[in-house]
Amino acid sequence: MVRYLDQDGELLDDQPMSDELALEGYRVMLRGRRFDERCVSLQRQGRMVTLAPGIGQEAATVGAAMALDPKTDWFVPQYRELAGQLWHGYPLRLAFLWHVGHPIAFQVPDDLKMLPFQAAIAGQLPQAVGLAWGLRLKHDPGVVLAVFGDGGTSQGDFHEALNLAGVMKAPVMFLCQNNGWAISTTVEHQTASASLAQKALAYGFPGVQCDGNDLFAVYATVRDAVARARAGEGPTLIEAMTYRLGLHTTADDPTRYEPREMHEMWVDRDPLRRMQIHLVSRGVVDRSGLERIEDEVKEELRVAWDEAQKEPAPDPAYYFGRAYASTSQRLGSQLSRFERKGLG
Amino acid sequence: MAELTIVEAINTALAIEMERDERVLVFGEDVGVTGGVFRATDGLFQRYGDARVIDTPLAEGVIAGAAIGLAIAGWVPVAEIQFLGFAHNGFNQVVDQLARARYRSAGRFSAQVTIRAPYGGGVRAPELHSDAFEAHFTHAPGLKVVAPATPADAKGLLLSSIRDPDPVMFLEPLRGYRQVKGEVPDGDYPVELGSARVAREGTDVTVIAWSAAVQVAQQAAEDAQAQGISVEVIDLRTLVPLDVAAIAASVTKTGRAVVVQEAPLTSGFAGEVVATIQEEAFFSLQAPIRRVAAPDVPYPVQMLEEHYVPNAERVLEAIIATTRD
Ligand SMILES: Cc1ncc(C[n+]2csc(CCOP(=O)(O)OP(=O)(O)O)c2C)c(N)n1
């Protein structure tokens, strides 16, 4: 298993990125963490819809995103990788709007190479393969990062996607965030395989396990996979070993199934804490510097939430124009009836 | 009699049937230790153990497909699909395989399988968790499709579905899970499949609905009463097989009909009901039959859903319009 930083923030190898980038990565991880905490609390106040926080998984998603070039490369999400999406350029304001159920959160900005959030587990994976294959076909330098959870590896879509990716040598990195759980189902109930990474072997390309709570390990593993993909050598499956420190969603109660000791063991492996210790011990930042970053992130979140709240409510007819390129006569008459009467 | 919510009534039916018939297996995503994401299977794992209550891998295709094989092996599978929208991941196994198990073996094999799934909108759930996809399954000969609206029917129809020799898609009203409470007879209480229920008697207009839309229809009927229109509400309870006689009898009496569905208009099950009325009660009709449905676009994200799901106001409007035609 690839690892650079041990549980106590001790560096085991040469740091695979500059100190400046490491600090920037930490900042985005923190932004993801504080965003999720804020949203869970807003959800509890009834101001947000059911949401799935990525608490504890920030190193896995930010590390992977840092290995991409946002100018050429695509990010294909499931729903628990917002921190990585923020690194890739998804705006915080839209992230807030996602959790209030505003449709424009799904309308990824034009200049961003990213697909919308995906509710169907593993449904994004065949699409990611098609996207990667299509880029290669037109000699586009871009590669595709597709993210999903351990539960996703049980879906037919996962197996069909990996199989085709292998056959087409598609430039795609499959990032499986193995966070131990699919709602209440453990990985042991999900598969009898010794690892998820080894599933790649059956499809004819490498599968690599890395410490998903170690920003450097995820970054270096995905960076190598990106190099393979760009060189035309095809896909890689990366299993990032991490843990869901929060809830499956705000509708979930993990105390019904999660062993307390297991949770506590992973609290000690918190990716944020690990980075803090490392950055301070290396002298990249001191304690007051960390506090300043906290304050800055807090302020960014405040500003973005303010902006999000100023977003006008969507026009009730929003969807009529968005199911087809042009509105048929029948749909048009449904729309005009709707506009006359207002109600659904 | 006990006052239960729909999800409690379902839990009760599952427990009764697991106790009565040792061949019954309950499986699906998160149905075991945690008792289902809506607690429909709460307590079953603890009572019947991990050989009969099984947390499966996250794969709807193999949940439905394995159910066919388990049935052939002599078990009585009751599988849960966490949300009906995800049954599509197992569409081949449900519609092309499960529905045809008897037919394609020329009667040699059958599949006494029940697939339970919550469905329908109005609870601010994410994409694909709210769409009313019943018509995707009513168009699959070999499959029965049941869609109760009340706790008593949820219990009674689930008992009958599990015992039915043919496969049943048992669609549970997500919005009513905890919201709808009602008296439920104790003990073994099967309700026959294929029989509709008169939810409210009336003489001027028949409103036909199923699942969560029944509550909407009843509210509209109440509002119509205040305007002097007497509305009969028919709760179909079972979509396949359809209780043609009950529909014909009511419309023959009232001469007017409104059919309510939560799904988008085009190719929805309401169209089937309208065509049936036209065939069975044409000469009693005093006005065109009206449909109340969602527009022909997919279910929207949360902020827009109240504009999408047909509500009592729209049903009332259709009721009034049909009396003026
Ligand atoms: C095809 C499909 N089936 C079922 C669900 C319901 N569901 C939502 S999340 C989830 C568990 C997902 O687990 P995993 O893939 O490990 O990702 P995680 O939530 O842990 O990030 C399930 C079963 C779904 N969204 N899509």
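**Ligand shell and domain interface**

Modeller: The shell around the ligand divides into 9 nonpolar, 8 polar and 4 charged residues. Here Ala, Val, Leu, Ile, Met, Phe, Trp, Tyr, Cys and Pro count as nonpolar, Asp, Glu, Lys and Arg as charged, and the others, Gly among them, as polar. This is a predicted model: local features need pLDDT of at least 70, side-chain atom pairs count only at pLDDT 80 or more, and totals for chains, interfaces and linings use all residues. Residues are numbered from 1 along each chain as its sequence is written, and side-chain values use heavy atoms, without hydrogens and water.

Biologist: Where does the ligand lie?

Modeller: Between chains A and B. 21 residues surround the ligand (a heavy atom within 4 Å). Among the closest are R80(A) and E60(B).

Biologist: How much of the ligand's accessible area does the protein cover?

Modeller: 96% of the 580 Å² that the ligand has on its own (Shrake-Rupley, 1.4 Å probe).

Biologist: Switching to chain B. What are the domains?

Modeller: Domain 1 is 2-184 and domain 2 is 197-324, with bounds from an automatic or database domain assignment.

Biologist: How many salt bridges between domain 1 and domain 2 of chain B?

Modeller: The count is 3, taking a Lys or Arg side-chain nitrogen within 4 Å of an Asp or Glu carboxyl oxygen. D153(B) and R237(B) form a salt bridge at 2.9 Å, N to O.

Terms used: Chains lettered and ligands numbered in written order.
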